[in-house]
Amino acid sequence: MSEIHVIDQPDRDPDGIENTDGSASVLPFPPRKTSGGGEPLAPGEAAPGEWEAELPDDRPDDGSETNEGDPVDPPRHIYPPSIAEVIEAKDKARRPVLPDWLTNAKQRAAVVRWAMHHYRTTTLYHLVRTPVYSAKLLAYAPRGGWRWFAAAGRWVSDAEGLPVRLKAVADEDAGEYLRLSRQRDARVKLRGIIAALASFMGLGAALAMWVLAPSWLLAVATLAVTGALGWTGTPADRPLIDMARVKFRHRKLTSDIVSRAFLAAGLTKADQGIAFPQPIRQDGDGWRVVVDLPYGKTFAEAVKKRDALASGIDVAETQVFLDKDETSSRRVSMWVANRDPLAVKVGKTPLLGATRVNFWKPFPWGRDERGNEVAISMLWLSLLVGAVPRQGKTFSARTIALAAALDPYVRLYVFDGKASADWRNFAKVAHRIGFGTVTQNGLDPVMHLVNSLQELKADVEDRYHRLSQLPVHICPEGKLTEDIARDKRYNMPLVLFVVDEVQEYLMHPVHGKTILELLVFLARVAPAVGVSVMTATQKPDDTACPSVLRDQHQARFALRVGAYQVSETILGAGSYGEGLDASRLLKSHKGVGLLKGMTDDAGIVRTYLADGRDAETILIRAQALREDGGTLSGDAAGEVPTDAALATVLDDIAAVIGRGEAKLWSETIVDRLAEHRPEVYGEWSALEGRAKADQVAAVLKPHGISTGQIARRIDGKQVNKRGILRADLLAAITERDKKRSAS
Ligand SMILES: Nc1ncnc2c1ncn2[C@@H]1O[C@H](COP(=O)(O)OP(=O)(O)OP(=O)(O)O)[C@@H](O)[C@H]1O
């Protein structure tokens with residue numbers, strides 16, 4: 001038999017026999033079996049079940065060969081962790097001496113604000129109800145008097161000893177009864193004397209007060225006695241004092257509750273359990289729990305089970321927040337709020353108190369679920385905002401534009417596809433502005449948008465050239481800097497291009513495609529030279545807001561949407577797997593959304609509110625800042641729109657109809673328009689004949705011009721095709737100009 005020494009080998013032999021010797025194990029040598037007769041064997045051949053082998057006394061030197069019975073686990077502590085690793089691990093595991101809210105000035109201020117507000121409200125609440133409390137005390141005072149008198153009587157008569165005496169009677173224990181009776185007599189005598197003395201002294205003191213004490217002292221004493229008696233007489237089921245606040249379902253989160261929740265959610269098994277690397281502790285208005293899932297379970301799986309976890313803890317889903325822990329993918333950091341934090345409004349925007357903003361630096365936009373301020377920056381990125389109507393899409397986008405407005409060196413372009421009142425006040429500061437899709441006061445907002453986009457596209461291309469040509473000491477990295485942007489000589493200010501309800505423009509029958517292409521270009525290329533695009537839509541689907549545009553936005557903000565698929569459409573593929581699902585937000589969560597791509601971590605933002613009046617206040621200030629700084633430009637400065645901006649499709653068609661032509665086929669109009677302004681009408685020329693006619697009919701219909709069959713004689717033959725009469729076109733232009741000059 002040979003012995004093999006194994007380091008740290010599990011103490012179990014291949015047959016499952018426990019080895020009691022801890023230092024080494026002995027592999028059993030297979031028993032030599034004797035041949036039981038049968039067929040004679042060839043030399044070197046072994047009979048079934050019979051064999052013989054020599055085991056080597058030592059392992060091979062290189063250790064490359066693996067022998068049966070070798071341990072599958074690597075020997076422990078072969079590579080002890082380096083000191084740096086130990087320090088790093090300990091650094092990560094160390095918990096702060098003081099909780100965050102004590103060390104963080106902003107959180108501390110928030111707690112102080114909350115405490116002041118809370119106690120002021122509570123005090124006022126009770127002060128207002130003092131008359132009610134007084135009336136109740138007065139009403140309960142007689143009952144309190146009687147309760148007090150009865151309690152004193154029971155004490156004097158030694159009522160507490162009665163059950164024992166009665167038991168002695170029932171047991172017919174005469175000796176015990178006599179002993180208890182004697183004790184009772186002595187006790188009643190002593191207590192009777194004390195009670196008589198106390199009554200006598202009390203009565204004397206009351207009479208003395210009545211005669212001698214000043215009336216205020218008498219009043220205070222009466223109030224105190226009545227209050228004490230009223231308090232004593234208050235029924236247990238009808239508290240004297242109302243609660244100044246509704247009691248939330250505050251619960252202490254224990255490891256049992258958390259384990260139950262993870263078990264119920266199927267994230268662990270009863271025999272596996274979960275580990276708690278740190279104690280459960282209170283964190284803000286909620287509890288922080290860090291949990292290690294069983295090996296093989298991941299944070300992503302926990303995210304999918306958020307609903308079940310909430311149910312296991314017995315809270316609403318909106319109260320459970322899961323954070324990834326970078327140290328391990330099976331570690332889940334969970335914050336369980338005492339109440340739905342998203343339904344708590346964060347209040348007015350701090351921009352109301354700001355004299356100006358530096359748009360190069362992050363500005364406050366809202367607060368996260370735990371009340372920490374969220375500051376964002378629009379530099380070098382484009383933002384897509386999406387939500388169902390009335391959830392705060394416009395308001396949240398508008399607070400960003402308001403911050404931009406308060407930096408007089410930011411050039412604003414604002415277009416609102418819905419022509420609502422929300423953006424009207426930006427006319428005070430916006431370089432280019434347009435509302436809706438219908439021509440108003442002679443200005444076609446869609447053409448204005450197309451022209452603005454083209455103007456900006458040219459500017460962006462120009463910026464790339466000029467930045468690359470600037471000397472290194474001015475532009476060290478070939479990128480826009482704050483100094484360059486604020487220096488008017490370079491004419492390269494930061495630009496924020498806002499398009500609300502962008503789907504209205506993208507679905508425009510004539511210019512939709514052009515607008516899409518230009519927006520895609522700007523969202524993709526322009527942020528690097530200081531031009532940020534912010535689009536908002538309530539229809540993020542592929543028809544209304546194609547993915548080719550959505551995908552160009554580096555940052556996304558999704559407020560409540562109808563389904564998780566829509567949430568993914570706004571926030572980008574894979575967002576659902578990361579736990580980002582805006583369809584879980586509730587209707588009451590106005591102005592609350594999921595922000596991705598702007599800061600390192602995606603998360604919830606409860607945006608600050610700036611209503612219409614606040615927006616006006618801020619924009620008046622912004623206008624004054626721009627006037628002072630000489631940066632008011634474009635539409636806001638009252639610059640007369642260029643011909644291109646004013647031009648509508650009517651003018652373009654008029655330009656392509658020759659003087660001598662009384663009527664023209666739609667097909668011919670399309671071909672000539674494509675030559676006249678290829679950047680706008682180039683796409684049309686690819687249409688088929690009938691489609692060309694439909695296109696012309698569609699764009700002229702809003703102007704009251706209808707297309708009909710127009711006959712022309714070609715080579716002696718009459719050809720009928722749809723077209724327009726020049727007279728109709730001129731009449732429509734005259735009508736439009738009349739309205740324009742009237743305005
Ligand atoms: N941050 C906020 N805090 C509190 N309430 C808000 C906030 N943002 C928006 N609201 C409320 O939500 C309402 C709807 O906001 P908003 O007009 O921005 O929605 P919307 O999604 O743009 O709607 P629509 O698509 O109809 O324009 C506002 O009138 C306001 O009362």
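**Notes on the core and the annotated site**

1. Leaving aside neighbours within four places in sequence, Val 498 is in contact with Ala 397, Ala 401, Tyr 413, Val 414, Phe 415 and Met 534. Keep in mind that this is a predicted model.

2. Stepping back from that residue, Val 498 belongs to the largest nonpolar core, which has 111 residues. Val 498 is listed there among the residues with the most contacts inside the core, along with Ala 401, Ala 405, Leu 412, Val 414, Leu 496 and Phe 497. Helix H11 (residues 393-405) supplies the largest share of this core, 8 residues. On the domain side, at least three residues come from each of domain 4 (350-629) and domain 5 (648-742).

3. Now the annotated stretch. The unreviewed UniProt entry carries a "binding site" annotation covering Ala 387, Val 388, Pro 389, Arg 390, Gln 391, Gly 392, Lys 393 and Thr 394. Pro 389 sits in the loop between strand E7 (383-386) and H11, while Thr 394 is found in helix H11.

4. Are these two buried or exposed? Pro 389 counts as exposed because it has 10 C-beta neighbours inside 10 Å, and the cut-off for exposed is 12 or fewer. Thr 394 has 22 such neighbours inside 10 Å, so it counts as buried; the cut-off there is 20 or more.

5. As for what surrounds Thr 394: not counting residues up to four places away in sequence, Thr 394 touches Asp 422, Asp 500 and Ala 536.

Terms used
Residues numbered from 1 in each chain as written. Predicted model: local features only at pLDDT ≥ 70, side-chain atom pairs only at ≥ 80, totals over all residues. Core = buried A, V, L, I, M, F, W, Y, C linked by C-beta atoms within 7 Å. Helix = DSSP H or I, 4+ residues; strand = E, 2+ residues; numbered from the N terminus. Domains from an automatic or database assignment. Contact = placed C-beta atoms within 7 Å. UniProt positions renumbered as here; feature names shortened; annotations may be inferred.
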